[in-house]
Amino acid sequence: MSSILVLVHPQPDGSLSRHSLEVLALAKSLGGGDVVVGAVGGAPAIPFEGRVLVVEGEAFTQPRYSTDAAAAQAICEAVKPDVVLAPSTSRWTRCLAGVAQRVGGRIDTHVTALDESLQAMRWYYRQRIEAVLTRTQRPWFLIIESGSSKSVAPVAGTPAAVVKIAVSVSPRTEVSGMVSPQGGGQTIKPEAELLFVAGAGWTKKQKDGRVRAAEAAGLILGFIDRAGASLGSSKSLVDLSGEGVSVLPFLSHLNQVGQTGSTPRHPKGLATCCHGEEPHVVGWRFINERRAVNLDPSCGWARGKADVLYVADAFEVVAKLNELLSR
Ligand SMILES: Cc1cc2nc3c(=O)[nH]c(=O)nc-3n(C[C@H](O)[C@H](O)[C@H](O)COP(=O)(O)OP(=O)(O)OC[C@H]3O[C@@H](n4cnc5c(N)ncnc54)[C@H](O)[C@@H]3O)c2cc1C
């Protein structure tokens, strides 16, 4: 029987992200092991029958390697777990390799599944090779991708009693604030139900002979806001933005989906003005239901890559969607 530590960063109100709740549900599903929650930054306001260890204080609310690593190390030393699970947030991904080293453990990242016999699954070579691996070294740290557990831990009920751990730090790095790329709002939302992909067609001459980039920007941002969708892009479109061409200023390479971009996980995806070439669509591996809007009935999506292809003008479709969503 293994003891399992789940590391989380609660929100200021004590709630946990869906991703953290998935990892907690995954830990519980492993069966029989003693599950302990380690929270950094504040106490989690979730019902939980096991032990909850908390490192709190102003210094630990900020995302910073030195304080996140010191807190995680202190929790690991108090719990002495066999297995440590954490959601693949930027904070945990940044510091846990160092923590594994400090406590004599091993770490694997990008884990997409873990079963009761502690066999972990992950993809290699841009999601082309799927591997199942296990390790004898303990503690074994596993950073879990979102969507790896279909269930989430319950959020309602009496919050768990917590044990506070004192950790003394004197950080040299000051977190002065957050800056979103190119002045836009947050367009990448890993927990969104829908991935909306914009392709280079939005910036091409349209049937009236004009390039309608400003209108495209308004339609896309309007849809993202109203639908709460995450915004992805084809490589062609972000490359145009990167060259300083004034197209869609809120896009950066972080939005790029595909072979040389990201492989996001969302239940649904809608591609617009995007041709659906293989290097792009390979990034849709974990999108369950795929739809596309393209003027070209022979585009890549029509060749078995989308569940539904709407042969239509995306300007008209998205304007209509925005109108319906505004009601
Ligand atoms: C090694 C390598 C790695 C690559 N990695 C990636 C990657 O990670 N991600 C990626 O995306 N690409 C990648 N590519 C590039 C990829 O092959 C394609 O070139 C790219 O995805 C094309 O982008 P697009 O579909 O937006 O643009 P285009 O091919 O220009 O397609 C635009 C589409 O918009 C449609 N359209 C235009 N106007 C409208 C309208 N009003 N309504 C509806 N539809 C309209 C057109 O019919 C057309 O199909 C890679 C290529 C290579 C060689």
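**Exercise 1.** In this predicted model, which residue of β11 is the bridge partner of Val197, and which strands stand at the edges of the sheet?

*Solution.* Step one is the local pairing: the partner of Val197 in β11 is Gly232. Step three places the pair in an open sheet of five strands, paired in parallel and ordered β11-β10-β12-β13-β14. In this sheet β11 (230–233) and β14 (308–311) each have a single partner strand, so one side of each is left without a neighbour, and these are the edge strands. Neighbouring strands of the sheet are, on average, turned by 20° against each other, direction ignored.

**Exercise 2.** In which sense do β6 and β7 pair, and how many residues of β7 are buried?

*Solution.* Strand β6 (residues 120–124) pairs with β7 in the antiparallel sense, over five bridges, and the partner of Ala120 in β7 is Leu133. Four residues lie between the strands of this hairpin, where Tyr125 takes a positive phi near 50°. To judge burial, a residue must have 20 or more other C-beta atoms within 10 Å of its own to count as buried; of the five residues of β7 (residues 129–133) the number buried is zero, so the strand lies largely in the open.

**Exercise 3.** Which element gives the most residues to the shell around the ligand?

*Solution.* The ligand is surrounded by 30 residues, the closest being Gly199, Gly201, Ser234, Gly258 and His280. Elements giving two or more residues are α6 (235–242), α7 (278–281), β13 (287–294) and α8 (314–326), and α6 gives the most, with three residues. By class, the shell has eleven nonpolar, 14 polar and five charged residues.

Methods. Residues are numbered from 1 along each chain as its sequence is written. This is a predicted model: local features need pLDDT of at least 70, side-chain atom pairs count only at pLDDT 80 or more; totals for chains, interfaces and linings use all residues. Two strands pair if DSSP finds at least two bridges between them. Axes are lines fitted to C-alpha atoms, for helices over the stretch in contact, and angles run from 0 to 180 degrees between N-to-C directions. A residue is buried if 20 or more other C-beta atoms lie within 10 Å of its own, exposed if 12 or fewer, and partly exposed in between; C-beta atoms are placed from the backbone. A residue is near a molecule or strand if its C-beta atom, placed from the backbone, lies within 6 Å of it. Ala, Val, Leu, Ile, Met, Phe, Trp, Tyr, Cys and Pro count as nonpolar, Asp, Glu, Lys and Arg as charged, and the others, Gly among them, as polar.
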